[in-house]
Amino acid sequence: MRNGFFYSLVFAFLTSASIAAIAAPAVAPQAEKATMVTEGMTASPSEKVDLNGADAATLQKQLSGVGEAKAKAIVAYRDANGPFASVDELLEVKGIGKAILDRNRDKLEVN
């Protein structure tokens, strides 16, 4: 009788330990990623990007929805037409639409 009780306890312990081992790893990596995303998001809104002074790499990194091709197009437009007079002039750049401008308006400035 004692052996049966002991084996039942061992079985219950191993079952709960295996369930805990399977469920535990899924929680830890998400907490680390959330911390990194929060740090990145808090640094960028305070800094504004100058359309007339920023290079393509800065534009690509700081603006949402602007990849390498659009960042190079912004710099090429600026080189061909002179400095931007206003943030709204960004709509003249090929590939930049109203949605991208609205998404990034608070991050942009013209000096």
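In helix H4, the residues Ala71, Ile74, Val75, Tyr77 and Arg78 are buried. Viewed down the axis of H4, these buried residues fall within an arc of 155°, so they line one face of the helix. Ala69, Asp79 and Ala80, on the other side of H4, are exposed. An α-helix has 3.6 residues a turn, so residues three or four places apart point the same way. The buried residues of H4 pack against helix H3 (56-62). The length of H4 was also examined: its 14 residues should span 20 Å at 1.5 Å a residue, and this agrees with the 20 Å between its end C-alpha atoms. After H4 comes Gly82, which has a positive phi, near 90°.

The model is predicted. Its secondary structure consists of five helices and two strands, arranged along the sequence in the pattern α-α-β-α-α-α-β. The protein has 111 residues, of which 23% count as buried. Of the contacts between residues at least 6 apart in sequence, 47% join residues at least 24 apart.

The largest nonpolar core contains 18 residues, and Leu59, Ile74, Leu90 and Leu108 have the most contacts inside it. Two or more residues of this core come from each of helix H4 (68-81) and helix H5 (98-104); H4 gives the most, with four residues. In soluble globular proteins, nonpolar side chains tend to be buried together. When neighbours within four places in sequence are left aside, Leu108 is in contact with Lys48, Val49, Leu51, Leu63, Val87, Leu90 and Leu101.

The protein has four salt bridges. One of them joins the side chains of Lys72 and Glu68, with an N to O distance of 3.0 Å. Both residues lie in helix H4, four residues apart, or about one turn of the helix. Lys72 is partly exposed, with a relative accessible area of 48%, and Glu68 is partly exposed at 47%.

In helix H5, Lys98 and Asp102 are likewise separated by about one helical turn, being four residues apart. These two residues form a salt bridge in which the closest N and O atoms are 3.3 Å apart. Lys98 is exposed, with a relative accessible area of 58%, whereas Asp102 is partly exposed at 40%. Asp102 also meets the side chain of Arg105 in a salt bridge (3.7 Å, N to O). Arg105 is partly exposed, with a relative accessible area of 35%. Together with Asp88, the residues Lys98, Asp102 and Arg105 are linked in a network of salt bridges.

How values were computed:
Residues are numbered from 1 along each chain as its sequence is written. This is a predicted model: local features need pLDDT of at least 70, side-chain atom pairs count only at pLDDT 80 or more; totals for chains, interfaces and linings use all residues. Side-chain values use heavy atoms; hydrogens and water are left out. A nonpolar core is a set of buried Ala, Val, Leu, Ile, Met, Phe, Trp, Tyr and Cys residues joined through side-chain atoms within 4.5 Å. Buried means under 20% relative accessible area, exposed over 50%, partly exposed in between (1.4 Å probe, protein chains only). Contact means heavy atoms within 4.5 Å. The expected span of a helix is 1.5 Å times one less than its number of residues. The arc is that of the directions from the helix axis to the C-beta atoms.
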